[in-house]
Amino acid sequence: MTAFAVSAMSTAAVGVAHAQPNIALVKYWGKRDVRLNLPAAGSLSVTLKDLWTRTRVEFDAGFHHDALLLDGREDHPALRRVGACLDLLRAAAGTDCRARVETHNNFPTAAGLASSASGFAALVVATAAALDLDLEPAELSRLARQGSGSAARSIFGGFVEMHAGSRADGADAVAEPLASASDWPLEVVVAVTSRARKTTGSTDGMQHSADTSPFYPAWVASVDDDLAEARQAVARRDFEALADVSEASCLKMHAVMFSSRPALMYWSDRTLACIERVRQLRQRDGLGVFFTVDAGPQVKAVCQPADVATVAAALADLPGVERVLRTPLGEGARLVDAGSQETAGGGA
Ligand code: PMV
């Protein structure tokens, strides 16, 4: 770790990073420590390629406060969480210099497309670079987790496992890459059914489920078995096995959400229509595809490459599907040089 001296900051210190969202196949829904943002159980995800966040962080001794521009507009609600994440890196660098964060997503923000995952992964990588901190990918993952649990996974590419960890300080609650995107080149189709921001954020939703769903303890207790199944499916490149455990994990998580009081319902009738269509494509037509849904109304269909065009067309045809996005799996968060050349961060 390099010490960072504010007095040395005669010119601005800048870092630019690029990160992609990830989609959990074995879901994360619940925390064992809210303050440190420690998950109650592990999770397993795939990192996407063509949906991305690009973030530029600039520290300047002349700034009086942190500022956040999201897609060109001042974002006050998100500034508190961003500032808290900046504080962790400032503490590591020994500075209290303020920052200007400019971030851009090429997909809808906060609508269940994991913008917080790519957002905090890019923020941590860009900030570490701006502050001249030379951090291992596991350390970047630990820092990103404190911004958003799923962001810990976006530090890495391809297939990624997030460990719940057992330490009280959360040092072992980090993600780890299992296989790269090229090891098993699956693709993902996202059916966008609404661009509205979600009504209940994941932190509040998780706490509400932990407090009120009678299924919550059983859900948390079941995740380790799902993880073992999914890990093995990835190791064997067994699509059917991955499909089975992923759909089961998704539906179990939504059962916990539905059984919270009052219920958390992120689905719309359009969400259900997409799920039905994917089930038909897999069960009736024998296509290599399965669905997953997060804390929002969009449906993500994970596909074998040979079937992705058919799946995208079938979902685009459904009434209420505004658009479909198609993407291969991608790399982890990485720095982007001033000349826009990318350098590897934790990319698998
Ligand atoms: O990382 P958060 O706090 O946005 O929570 C993510 C929760 C889900 O997207 C619903 C599931 C997951 O594992 O990504």
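At 6% relative accessibility, Phe 239 counts as buried, where buried means under 20% relative accessible area, exposed over 50% and partly exposed in between, with a 1.4 Å probe and protein chains only. This is a predicted model, in which local features need pLDDT of at least 70, side-chain atom pairs count only at pLDDT 80 or more, and totals for chains, interfaces and linings use all residues. Residues are numbered from 1 along each chain as its sequence is written, and side-chain values use heavy atoms, with hydrogens and water left out. Helices (H or I, at least four residues) and strands (E, at least two) are DSSP runs numbered from the N terminus.

**Aromatic pairs**

- Rings of Phe, Tyr and Trp (its six-membered ring) pair if their centres lie within 6.5 Å; planes under 30 degrees apart count as stacked, over 60 as edge-to-face and the rest as tilted.
- By this rule there are 4 aromatic pairs.
- One of them is stacked: Phe 159 and Trp 184 lie 5.4 Å centre to centre, with 20° between the planes.
- This pair links distant parts of the chain, 25 residues apart, with Phe 159 in strand 10 (residues 159-162) and Trp 184 in the loop between strand 11 (175-179) and strand 12 (187-192).
- Both Phe 159 and Trp 184 are buried.
- The pair of Phe 239 and Phe 290 is tilted, because the ring centres are 5.4 Å apart and the planes stand at 50°.
- Phe 239 belongs to helix 7 (residues 239-258) and Phe 290 to strand 13 (residues 289-292), 51 residues apart, and the pair thus links distant parts of the chain.
- Phe 290 counts as buried, at 0% relative accessibility.

**Nonpolar cores**

- A nonpolar core is a set of buried Ala, Val, Leu, Ile, Met, Phe, Trp, Tyr and Cys residues joined through side-chain atoms within 4.5 Å.
- The largest has 42 residues, of which Trp 29, Phe 159, Leu 186, Leu 242 and Leu 329 touch the most other members.
- Strand 2 (22-26), strand 5 (43-47), strand 12, helix 6 (216-236) and helix 7 are the elements that give two or more residues to this core.
- Another core, of 40 residues, lies apart from it and includes Ala 17, Val 82, Ala 99 and Ala 121.
- Beyond its neighbours within four places in sequence, Leu 186 has contacts (heavy atoms within 4.5 Å) that include Phe 159, Phe 239, Leu 242 and Leu 329.

- Two strands pair if DSSP finds at least two bridges between them.
- An open sheet of 4 strands has the order 2-5-10-11, with antiparallel pairing.
- Strand 2 and strand 11 are at the edges with a single partner strand each, so one side of each has no neighbour in the sheet.
- Strand 2 and strand 5 run antiparallel and are joined by 4 bridges, and Asn 22 has Thr 47 in strand 5 as its bridge partner.

- Asp 96 counts as exposed, at 56% relative accessibility.
- Strand 6 (residues 53-59) pairs with strand 9 in the antiparallel sense over 7 bridges, and Phe 59 has Ala 99 as its bridge partner.
- Strand 7 (residues 67-70) pairs with strand 9 in the parallel sense over 4 bridges, and Leu 68 stands opposite Val 101.
- The covered face of strand 9 holds Ala 99, Val 101, Thr 103 and Asn 105, whereas Arg 100, Glu 102 and His 104 make up the uncovered one.
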